[in-house]
2 protein chains.
Amino acid sequence: MARILRLNMARQSYHWEEVPPAYTGLGGRALTSRLIREEVDPSCHPLSTANKLVLAPGLLAGTFAANSGHLSAGGKSPLTGAIKEGNVGGTVSQKLARLGIKAVVLEGKPRQADGCCLVKISPEGVEFFPASEYEGLGNYRTMALLWKRFGRGVGVLSIGPAGEKCLTAASIQVSDPAGRPARAAGRGGLGALMGSKKLKALVVDDKGAPASVPLADPEGFKAAARAKGKYLTSGYEYETHRALEANTRIRHPDEIAQLDRLCDDLGLDPIEMGVTLGVLMEGGVIPWGSGSVALKMLKKVGKNDPWGLIIGNGSAFTGQALGLERVPAAKGEALPACDRRAEKGVGLTRASSPMGDDHTAGYAVAVNFLQCGCGDESLKKEGNIEFSRNPQIATAAIDATGLCPSVAFPVLDNPEALQCLVDLINACYGLSLTTVDVTALGRQILHDEKSFNREARFTRTQDHLPGFFKENLKPHNVTWDFTDEEIAQVLADL
Amino acid sequence: MARILRLNMARQSYHWEEVPPAYTGLGGRALTSRLIREEVDPSCHPLSTANKLVLAPGLLAGTFAANSGHLSAGGKSPLTGAIKEGNVGGTVSQKLARLGIKAVVLEGKPRQADGCCLVKISPEGVEFFPASEYEGLGNYRTMALLWKRFGRGVGVLSIGPAGEKCLTAASIQVSDPAGRPARAAGRGGLGALMGSKKLKALVVDDKGAPASVPLADPEGFKAAARAKGKYLTSGYEYETHRALEANTRIRHPDEIAQLDRLCDDLGLDPIEMGVTLGVLMEGGVIPWGSGSVALKMLKKVGKNDPWGLIIGNGSAFTGQALGLERVPAAKGEALPACDRRAEKGVGLTRASSPMGDDHTAGYAVAVNFLQCGCGDESLKKEGNIEFSRNPQIATAAIDATGLCPSVAFPVLDNPEALQCLVDLINACYGLSLTTVDVTALGRQILHDEKSFNREARFTRTQDHLPGFFKENLKPHNVTWDFTDEEIAQVLADL
């Protein structure tokens with residue numbers, strides 16, 4: 001039976017909890033958002049003792065279904081003040097699931113003067129260690145040292161110097177199969193939340209655990225997993241590269257790669273950092289296109305350097321520091337790819353999503369991708385409220401499974417793909433869910449998140465975009481032209 | 001006939017405008033808030049070309065009534081995003097009124113690369129001058145140079161390096177009779193708005209203008225002004241000293257005075273800076289109580305120093321930079337004096353005022369001051385909604401006259417004082433207003449401001465306070481215990 005592991009970070013103690021029946025069908029984002037909704041005071045300061053960080057494998061984690069190893073990290077966002085779920089690949093999710101762990105909940109807050117700690121989870125149990133020797137180290141070095149100490153192949157989830165300093169653009173990094181911090185729960189500053197709990201790293205060692213979680217119907221699962229395979233894509237870093245290149249005019253791929261690596265090492269959201277570097281260029285601090293100066297400035301994050309404190313708090317913050325007006329951020333968060341004037345469905349998703357301006361909140365752009373050449377739906381207002389709503393519901397449901405969010409593409413395009421997803425969950429848990437149940441799950445997640453945000457005073461009056469989106473965009477001559485009322489319609493019934 | 005002077009800061013041009021009939025009875029805050037409400041897009045970025053800075057003498061400015069020389073500066077606040085009116089003494093208001101100027105409206109926005117300019121207003125007309133020689137200078141040096149250039153006794157309104165850099169704690173300083181920048185429209189970062197318009201200083205030379213504005217009923221005015229004299233107090237700097245001392249544990253009066261002078265010179269709100277220095281101490285950047293290190297850090301503002309960029313953006317910003325949770329700020333602005341757990345009327349005013357957490361929004365505390373020893377009204381919930389509402393209405397009306405806001409004390413306590421205020425306005429303009437009309441004016445101002453804020457998406461859901469006000473306060477064992485609904489009741493009908 002899977003259990004919930006609660007870590008009290010103030011007392012450095014833990015306890016195991018049976019999964020309440022109401023949580024049985026929840027995993028990933030469904031579970032992080034429900035736990036946050038039920039246990040965190042929405043009005044609390046995100047860095048206060050009242051906030052919690054929840055780590056939850058998806059419903060299909062620990063199975064052999066392709067791309068099922070996404071881990072959800074959830075909490076009240078230090079960057080936006082709203083609820084946040086960050087979704088990350090890597091090895092930790094599968095290992096937690098194989099250890100029978102449905103969620104790890106970080107609670108309480110150590111005193112300001114306390115040092116960082118390290119938590120190791122293995123079949124032998126849970127251990128707390130002091131982590132002073134890792135303080136201030138980047139994620140690359142930290143993970144390398146932890147493999148040396150605890151054995152090659154352990155899963156590691158860690159923060160860099162940015163998270164330790166509670167900077168609001170800080171990420172949580174997860175080890176890839178080679179032990180590198182190449183995967184990030186990047187958005188919303190969840191690394192700062194982990195930093196406020198003074199957890200430098202979580203080590204997950206599943207040696208001795210079963211290779212797969214028990215499946216209620218192994219044959220049925222195998223059949224469903226095979227049917228699914230052809231629809232999936234592997235991870236890609238489109239958003240990272242776009243953010244670091246298009247916002248900065250840095251053209252040399254090596255410099256982009258170095259900036260990306262530095263973000264992973266310091267524990268910073270590369271989308272937020274790409275936009276922030278552009279803001280520093282707009283403000284005259286870095287010459288446009290200079291990768292070398294950008295690298296020099298980014299290296300200040302995590303050191304005792306006030307530029308690092310500014311940059312590490314992201315694009316909106318840096319724009320305010322420099323007295324700039326035209327900053328591509330909404331609700332405190334850097335804008336990801338796709339200009340919403342020309343991709344109106346995307347714009348509506350980011351204006352209405354309880355996740356804020358998140359690139360994974362629902363790929364409304366998919367509708368156009370999948371109907372290549374069919375027209376210009378994304379340029380017109382008509383129909384885009386539905387184009388935004390349905391992908392948001394589908395994405396929330398997929399985020400509960402631990403599958404890669406890009407699975408939303410086939411699921412929205414092909415009824416067989418959705419059925420296949422349902423078959424996998426049914427075979428895994430011995431259930432008989434229908435596609436209607438999965439849609440209901442997606443709706444329930446969005447409802448939990450919207451309810452939290454309402455009480456966190458993050459209401460639809462904040463669901464707006466920077467003023468410059470009223471300006472004309474060539475070559476289609478489009479502007480952002482949705483009213484508050486139209487934006488509110490997207491998720492009105494949730 | 002008084003006129004409105006519009007300065008186009010992008011083109012460095014100006015034009016005079018007759019006062020529309022609807023504006024005849026408006027002055028000071030009534031006029032700044034009405035103009036902002038009617039002419040500024042509430043959704044605009046505060047530093048964008050769409051925002052305007054309005055400077056308006058009060059209705060009684062240019063007369064010989066005591067303490068009638070307060071100037072209102074209004075705009076969309078760069079610090080909070082809400083409408084803001086800052087109220088400042090000094091010599092400029094009287095001089096503008098004697099020149100027949102009802103308001104100066106700064107419009108448009110120069111290009112980023114343009115230098116600062118200087119505007120001189122005199123009976124001969126309006127002139128624009130380049131101001132590159134004054135860029136980066138403090139307000140003390142700037143005002144001294146302008147007296148040297150344009151003659152001793154001219155009125156000067158200027159910004160320091162903080163305003164030039166558009167830092168959101170920047171003030172607008174006004175010369176006192178000795179030509180020192182000792183008066184500040186401090187709150188809400190209106191200095192950053194003036195900086196975005198690239199106006200370093202406004203020089204007002206009233207040589208040759210009449211000594212007093214024409215009075216419809218000079219004898220009646222003289223009688224009313226004499227009756228009034230006994231109720232007024234002179235300006236005091238209670239908030240400044242409290243902010244710089246109580247937040248920092250700096251005990252040496254000379255150090256407090258030096259910090260205060262530095263705020264005036266750099267053009268910074270001393271309330272915001274007192275709290276910000278306390279936040280830097282909480283974060284370990286300055287030792288508690290160290291005036292010398294505080295002075296050293298404050299001097300970084302306005303220089304090309306990233307600490308200056310952090311500090312000059314105020315307390316909430318600095319708290320985020322340092323990853324701190326317990327920051328005494330609400331809606332982005334530092335909290336002024338009076339702990340609202342023990343002064344509940346004050347708390348309601350600051351939670352509900354369209355001005356944000358402003359110390360001049362209405363002295364609800366006056367009710368207790370004036371009824372010394374009468375009990376503990378401020379500790380209980382009962383009655384405080386009215387204690388908050390009426391002073392807010394009275395203060396708004398007084399802010400329209402150009403009288404010092406502390407006039408609200410006698411006006412709330414003594415029916416004769418309100419009648420005296422009405423008599424002054426009537427004698428000045430040949431009107432026959434009653435006390436009911438003055439109350440209606442106060443209500444109209446608050447209505448204009450609330451309407452603007454609603455469209456600026458600064459709604460009552462933001463009218464809340466930091467979480468730590470739920471903690472118990474000794475010795476009375478009180479907490480902040482008003483609900484959102486109760487806070488909304490304060491100005492519900494406006």
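These notes go through a predicted model with chains A and B, from the relation of the chains to their sheets and helices.

1. Symmetry. Chain A is superposed on chain B by a rotation of 180° with 0.0 Å of shift along the axis, and the RMSD is 0.0 Å. This is the relation of a two-fold axis. The C-alpha of chain A nearest the axis belongs to P306(A), at 2.8 Å from it.

2. The contact between the chains. Chain A gives 27 residues to the contact, and chain B gives 27 residues. On the side of chain A that touches chain B, helix 11 (306–311) and helix 12 (315–321) each supply at least two residues. Helix 11 of chain A has the largest share of that side, with 4 residues. Sorted by class, that side of chain A holds 12 nonpolar, 12 polar and 3 charged residues. Of the interface residues of chain A, 100% are also interface residues in chain B, so the copies meet through the same surface.

3. Helix 10 of chain A. Which residues of helix 10 (residues 291–298) of chain A are buried? They are G291(A), A294(A), M297(A) and L298(A). Seen down the axis of helix 10 of chain A, these buried residues fall within an arc of 125°, so they line one face of the helix. They pack against helix 8 (253–266), helix 9 (270–282) and helix 11 of chain A. Helix 11 of chain A also supplies residues of the side that touches chain B.

4. Strand 4 of chain A. Of the 6 residues in strand 4 (residues 71–76) of chain A, 6 are buried, so the strand is largely enclosed by the rest of the structure. Strand 4 of chain A pairs with strand 3 (residues 53–57) of chain A in the antiparallel sense over 4 bridges. In this pairing A56(A) stands opposite S72(A). Strand 4 of chain A also pairs with strand 5 (residues 83–88) of chain A, in the antiparallel sense and over 6 bridges. There S72(A) stands opposite N87(A). Strand 4 and strand 5 of chain A form a hairpin with 6 residues between them. In the turn, G81(A) has a positive phi of about 80°.

5. T32(A). Is T32(A) buried or exposed? T32(A) has 33 C-beta neighbours inside 10 Å, and a residue with 20 or more is classed as buried, so T32(A) counts as buried. T32(A) is placed in helix 1 (residues 28–39) of chain A. Leaving aside neighbours within four places in sequence, T32(A) is in contact with V54(A), A56(A), S72(A), A73(A), G74(A) and E85(A). Among them, A56(A) and S72(A) stand opposite each other in the pairing of point 4. By contrast, L280(A) is 248 residues from T32(A) in sequence and 35 Å from T32(A) in space, C-alpha to C-alpha.

6. One sheet of chain B. An open sheet of chain B has 6 strands in the order 2-1-6-3-4-5, with mixed pairing. At its edges stand strand 2 (13–18) and strand 5 (83–88) of chain B, each with a single partner strand, so one side of each is left without a neighbour in the sheet. From one strand to the next the twist averages 20°. Within this sheet, strand 3 (residues 53–57) and strand 4 (residues 71–76) of chain B run antiparallel and are joined by 4 bridges. The bridge partner of L55(B) in strand 4 of chain B is A73(B). Helix 1 (residues 28–39) of chain B lies across strand 3, strand 4, strand 5 and strand 6 (101–107) of chain B. This helix runs at about 20° to strand 4 of chain B.

7. Another sheet of chain B. Here 6 strands of chain B form an open sheet in the order 8-7-12-9-10-11, and the pairing is mixed. Strand 8 (125–130) and strand 11 (183–185) of chain B are the edge strands, each pairing on one side only. Direction ignored, neighbouring strands of this sheet are turned by 20° against each other on average. Strand 7 (residues 117–122) of chain B pairs with strand 8 of chain B in the antiparallel sense over 6 bridges. In this pairing S122(B) stands opposite G125(B). Helix 3 (residues 139–150) of chain B packs on the sheet and touches strand 7, strand 9 (155–158), strand 10 (172–174) and strand 12 (199–204) of chain B. The direction of helix 3 makes about 145° with that of strand 9 of chain B.

Definitions and conventions. Residues are numbered from 1 along each chain as its sequence is written. Chains are lettered from A and ligands numbered from 1 in the order in which they are written. This is a predicted model: local features need pLDDT of at least 70, side-chain atom pairs count only at pLDDT 80 or more; totals for chains, interfaces and linings use all residues. Two strands pair if DSSP finds at least two bridges between them. Axes are lines fitted to C-alpha atoms, for helices over the stretch in contact, and angles run from 0 to 180 degrees between N-to-C directions. Two residues are in contact if their C-beta atoms, placed from the backbone, lie within 7 Å. Ala, Val, Leu, Ile, Met, Phe, Trp, Tyr, Cys and Pro count as nonpolar, Asp, Glu, Lys and Arg as charged, and the others, Gly among them, as polar. A residue is buried if 20 or more other C-beta atoms lie within 10 Å of its own, exposed if 12 or fewer, and partly exposed in between; C-beta atoms are placed from the backbone. The arc is that of the directions from the helix axis to the C-beta atoms. Copies are superposed by least squares on the C-alpha atoms of residues with pLDDT of at least 70 in both.
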